[in-house]
Amino acid sequence: MADKSVRPTGKARMAEWSAIARRIRVPLGFVFAVVYFWLARPTWRFLGFGCILIVPGLLIRALASGHVRKNEALATSGPYAHTRNPLYLGSLLIGVGFAIGARSWWVGVALVVMFFAIYLPVIRDEEAFLRQKFPEFEEYARRVPRMFPRIAPYSRGDSGGFSFDLYMRHREYNALLGTLAMAAAVVAKMMLTKGN
């Protein structure tokens, strides 16, 4: 008979999956980009609609990266005054924008699955770390939503401004370069398949 005491609990299984999700999210992103390119049936019109979300997504990520001092202080200024996870919110907006540009339900479904299966466990894991490291995180989490932003900014008396040095240190320009590369690939696909 199996010893039930050695079976991992639901929390232990979730922690294991969070660790796996953290390791595979970047390589999976590259796989997703290839699948996206293969499935995409873009048009100028839909790519334009997608840019309505892509551009703000990039801006949110850029602003957030200039406010976060990883492992040094709890970020509560800038976009962090509206949402606890502006980097992921920005990524989600970019992803949805590209899904709209792709004109493919499969891309949309894959994006939703990736968000819930990969990114949500990573977000929970990161928040557990912040809870342990920063005692003030509990109050912050009560007042600021996990993902979708509140309108009025949360204020803790922290008026930290945007730091371009932090933006560069976090290499956030890679998000812009990656987005431009994917947009260029999508435009190239449109041009190549125009006559077909």
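Tutor: Rings of Phe, Tyr and Trp (its six-membered ring) pair if their centres lie within 6.5 Å; planes under 30 degrees apart count as stacked, over 60 as edge-to-face and the rest as tilted. F137, Y140 and Y154 form one aromatic cluster. Mind that this is a predicted model, with pLDDT of at least 70 needed for local features and 80 or more for side-chain atom pairs, while totals for chains, interfaces and linings use all residues. Numbering starts from 1 along each chain as its sequence is written, and side-chain values use heavy atoms, leaving out hydrogens and water.
Student: How many aromatic pairs does a search of the whole structure find?
Tutor: Eight.
Student: What about F164 and Y167, how far apart are the ring centres?
Tutor: 5.6 Å, and the planes are at 20°, so that pair is stacked.
Student: And is F164 buried or exposed?
Tutor: Exposed, at 52% relative accessibility, whereas Y167 is buried at 12%. The cut-offs are under 20% relative accessible area for buried, over 50% for exposed and partly exposed in between (1.4 Å probe, protein chains only).
Student: Switching topic: what is M182 in contact with, leaving aside neighbours within four places in sequence?
Tutor: A33, Y36 and F98, where contact means heavy atoms within 4.5 Å.
Student: Which charge lies over the face of F37?
Tutor: K189, at 5.3 Å from the ring centre. The test is NZ of Lys or CZ of Arg within 6 Å of the ring centre and within 35 degrees of the ring normal.
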